[in-house]
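Hi there,

Here is the two-chain file I promised to pass on. Have a look at it first, and then read on for my notes.

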Amino acid sequence: MSAPIIWIALPFIAGTLILFLLGDKYASQIGGAIAAILSLIALFIPIDAAMLIGSVSFKISPAIQVFGRAFEFTSADGPLLAAIFGISAIWFFGADAAGMAHRFVSLGLMIVSLLTASIAVEPFLYAALLLEVAAMLVVPLLVPLHQKPGRGVARFLVYQTFAMPFILFSGWMLAGVEANPGDLRTALQSGVTLSLGFAFLFAVFPLYSWIPQLMDESTPYAVGFLLWALPVFTVIFALGFLDRYVWLKNTSQIADAILYAGVIMTVTGGLLCALQRHLGRIFGYAAIAETGLFLIALGLRTPNLLDIAFLALLPRGLELSLWALALSIIKRKAYRLKLSDVQGLARVYPVATGALIIAHLSMAGFPLLAGFPSRLALWQALSAQSLSAALWAFLGLSGLLVAALRSLASFVMADAPPRWELNETRRQAAMLGIGAFGLFLIGLFPQVLQPFLSSLPALFEHIAQ
Amino acid sequence: MLILIPCLFLFVPALALVILRATQPNARYGWLVATGGAALGFFGVFAWLAVMPFDWILPAWQPLAVFPTPISFRADGVSWALATSIFALILSILLTGAIRRVSVHSFSWIGALALGGFGALAVAANNPVTLVLMWSSLDLAELLAQLSSAQSARNNERAVISFATRIAGSAFLLWSYITSFSNGSGYTFQSIPSSAGAYLVIAVGLRLGVFPLHLPYDAGSALRRGFGTALRLVGAVASLGALGRGLIVPSGATPFLAFFASVAALYGGWMWLRSPDELTGRPYWMIGIAALSVLSALSGSPTGAAAWACALILAGGALFLSSVQDARLNRALLGGAWSLSSLPFSLTASAWTGSLGFFFPFALAAQALMTAGFVRHALRPSGDDSLADQPAWARGAYPAGIVLLLIVQLLLGFLGWDSALQIGNLIFAPAASLLALGLVWGSRRFRVLNPARAHWVSAAGSGINGMYQGLWSMYRGLARLGLAVTDALEGEGGIMWTLLFMALFISIIAGGIQ
């Protein structure tokens, strides 16, 4: 068995089978179990190394060829795959509690398999095509059958599609720059084209307008999944670019452009988050601000760049899944998700509102929670490089904090407070409780992520040097 | 690990009470569990004395390259004095709580125990990252305790505002730590860089828990006196403790901070002296004593700052927990005035060993006002509880709780830390004491020194409410602006705006690269 078949073909086939053969009842458990098993395999069984169990010897081969293109995983990819499928499992297990198991799990598995393929494909520029196909598969996830897509979905697809030609074109130009390093004009053009491509992919300011629109139009859980999956794989794709064309990273202007694009994204996302009156849009802007932090990490001139970037990437899945699940539960009671509609809800849905606030605080970098260690590491490195950039990033995250406090105030304020009661189902309460516990665990002991982080320098060896 | 053990004596009973509440709501031994744990914790903290100073360092955060500062706690003279004060207060709250008519006993006991445990860990924190973690634990515990017992929209709003203000303080501490990396590496409290000192003072100021002025409980709530005292004082001491851990190196901002601290001390002292009763005046007590603590720290006396923090919790705690009209206990409360006097061998003897300079008279006046106010409130406690109709054990527990705080005040003047057995400033202390005596004498003769009328007190509150309304209006204005921006970007013309911005960015990037 080869690694690409296990982590690309298998989840894609499983997703297809769930779509056509299973109903709502078992989709969540089976999809979650498949993702969890794939995660455990990635964690414990090394790729391209012979294993002996009893008298049976086996080996996961690293690559396969498809139409002349290679899909290849190395042993260093194992922890990364484990993290991706582990977080996917959390999303799929939570889908039932969020009330959208069948289509979400099946399409989700397919999307994750395509995005995983984008890590493995050689030549790596083909990753742009796979990201585009994954973006297309997101559309049926966001838009229910027989419903006209809204403006947010259309804009999302348009922007993701714009990204692909820019990145492919810049890849072609960069090959020319490598052949002729003295050609500054081509280098400039390729830099601008590449920046545009990634600007669309990362949804930098002002290209992120589709995110809050989607939060208005679609179910929070589906959008949350999209906001986890796409930026995470885009960061990995971008790291691949920087690793391959090291001169890009070493060009101070390009590194600064990446860093300040991130700062602008964090600041605008944070400030606009603080000014929203809709819980869904607050969620969207918080995700934007955090994506800005990824960009800041990519723009850092420090040998610890990979550690910092992945410290921020890994908890994002848990934060967003917890937040999206809590929002989905709250939406059943307060469909419009306006702050004025959720007043006093803390006493009616204490676990969901509590989990939402914890996830939000974590994303804002509140101490004790999973987001704090990564923010701390980022601020330390950033202040050594540019104190003003660190201040702006700090202010951006303060915007998230203000939004969290506003949400909290709305949840607990009611003129005639109802009695405390528990209206979440046991499954919902358990999922939310486990998620919140996970955020505290990572926040207090970030070393639990170390098994996933330790092999990263081998994945991007030029950046790590 | 020895640092954690006394705290566990608070955390474990708190957890036990949570379980008891869920499994046996009518259990009658909850008070005994809580008080037993608090007593063990109080005596356990004396074990620190045998091995001080010592550190407790948690397993390092990884990757080590990005987390150079470990989570560490340090037991030294200052942290021991502050932790002892906190443990004494928690034990005293539980002992005096035996006579209070509170319907939600176990909630307030759980809250007080948790606050005490986190507060003790906070005063032992050895670097800003550890402190910010402990402060945040304390904030979450306070928020949960307040939200679970507050009953109206207004009181819930107060709880959230209090939480927000404290987070703002933590943010300043974090920023002080981050800025230190621009000069090389992070810092511990043994070596506070000059750039961090001002942020540290602002952080402490914001975290005192003074804003909002009043706790999220109605005036008649029994929670105000027992649990409310823990809420107010433990958080304040956990914040002030940071000033006692290291010397704040003077910087350009020091005179401005000293000026604001002097104004706050005078304001707090004046309002405290003229408060109608001790619970109404409690925010001013905290403002006044905390400002004196900040002045001590800025004058170069960190142990003085810690001594004021101990006085805030011990002298204040004894006064605020007194709810029984008993002549002997009222006279015993005057022991707190000794602690505030900064006379030789008193708790605050080391307060003014630094250089106050221009701010000497302000500190003198503020200390005299605080002491005079304390004497006035000690002689006229406002409580209306009675010991007569209490069972014998409660009649013994209540005075023990008050006397415990008085004994600890005296004890800290003589042993255990750098501030013990100090002669202090022999010019300042007698002058402040004489002035305080004069104010006590004058308060019976001059109307201006008499308690303010109720509408005066509410005027201060309305000023803060006005500020709050102003901030809220500004926020609404910004929200309208934000809405205009998002409407423009998300509307029909959004693509055009986006293209415009993109063209702008490309020209900037291209210009930069060329």
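Two residues are taken to be in contact if their C-beta atoms, placed from the backbone, lie within 7 Å. With that in mind, 40 residues of domain 1 of chain B are in contact with 41 residues of domain 2 of chain B. Please remember throughout that this is a predicted model.

**Chain B and its domains**

Let me stay with chain B for a moment.

Which elements build the side of domain 1 of chain B that touches domain 2 of chain B? Those giving two or more residues are α4 (77-96), α8 (194-206) and α9 (226-244) of chain B. Of that side, α4(B) provides the largest share, with 14 residues. By class, the residues on this side of domain 1 of chain B comprise 26 nonpolar, 9 polar and 5 charged.

One helix of chain B gave me a chance to check the geometry. Helix α15 of chain B (residues 360-379) has 20 residues, and at 1.5 Å a residue it should span 28 Å; its end C-alpha atoms are 29 Å apart, so the two values agree. Is α15(B) mostly covered or mostly open? It is mostly covered, as 15 of the 20 residues of α15(B) are buried.

**Chain A and its domains**

Chain A is divided into domain 1 (1-122) and domain 2 (147-464). Between the centres of these two domains of chain A, taken over C-alpha atoms, there are 24 Å. Their contact brings together 24 residues of domain 1 of chain A and 22 residues of domain 2 of chain A.

On the domain 1 side of this contact in chain A, α3 (77-98) and α4 (102-120) each supply at least two residues. The most comes from α3(A), with 14 residues. That side of domain 1 of chain A divides into 18 nonpolar, 4 polar and 2 charged residues.

Helix α13 of chain A (residues 305-333) packs with α3(A) at an angle of about 5°, and the axes are 10 Å apart. Angles under 35 degrees count as roughly parallel, so α3(A) is roughly parallel to α13(A). From α3(A), the residues that meet α13(A) are A:Ala83, A:Ile87, A:Ile90, A:Trp91, A:Gly94, A:Ala97 and A:Ala98. Facing them from α13(A) are A:Leu314, A:Gly317, A:Leu318, A:Ser321, A:Leu325 and A:Ser328. In this contact of α3(A) with α13(A), 9 residues are nonpolar, 4 are polar and none is charged.

**Where the chains meet**

How many residues does each chain bring to the contact? There are 43 residues from chain A and 43 residues from chain B. On the chain A side, α7 (184-202), α8 (210-217), α11 (252-274), α13, α15 (371-385), α16 (387-412) and α18 (450-453) each supply at least two residues. Among these, α16(A) gives the most, with 9 residues. The side of chain A that touches chain B has 30 nonpolar, 11 polar and 2 charged residues.

**Backbone details to look at**

Two cis peptide bonds are worth a look on your screen. In chain A, the bond from A:Phe205 to A:Pro206 is cis, with omega near 0°, and A:Pro206 sits in the loop between α7 and α8 of chain A. In chain B, a cis peptide bond joins B:Met52 and B:Pro53, with omega about -5°. B:Pro53 belongs to the loop between α3 (48-51) and β1 (54-57) of chain B.

Then there are two leucines of chain A with positive phi. A:Leu337 has phi near 60° and lies in the loop between α13 and α14 (350-364) of chain A. A:Leu337 counts as buried because it has 21 C-beta neighbours inside 10 Å. For A:Leu368, phi is about 85°, and this residue is found in the loop between α14 and α15 of chain A. A:Leu368 is buried too, with 20 other C-beta atoms within 10 Å; the cut-off for buried is 20 or more.

Methods. Residues are numbered from 1 along each chain as its sequence is written. Chains are lettered from A and ligands numbered from 1 in the order in which they are written. This is a predicted model: local features need pLDDT of at least 70, side-chain atom pairs count only at pLDDT 80 or more; totals for chains, interfaces and linings use all residues. Helices (H or I, at least four residues) and strands (E, at least two) are DSSP runs, numbered from the N terminus. The expected span of a helix is 1.5 Å times one less than its number of residues. A residue is buried if 20 or more other C-beta atoms lie within 10 Å of its own, exposed if 12 or fewer, and partly exposed in between; C-beta atoms are placed from the backbone. Domain bounds come from an automatic or database domain assignment. Ala, Val, Leu, Ile, Met, Phe, Trp, Tyr, Cys and Pro count as nonpolar, Asp, Glu, Lys and Arg as charged, and the others, Gly among them, as polar. Axes are lines fitted to C-alpha atoms, for helices over the stretch in contact, and angles run from 0 to 180 degrees between N-to-C directions. Angles under 35 degrees count as roughly parallel, over 145 as roughly antiparallel, 65 to 115 as roughly perpendicular and the rest as oblique.
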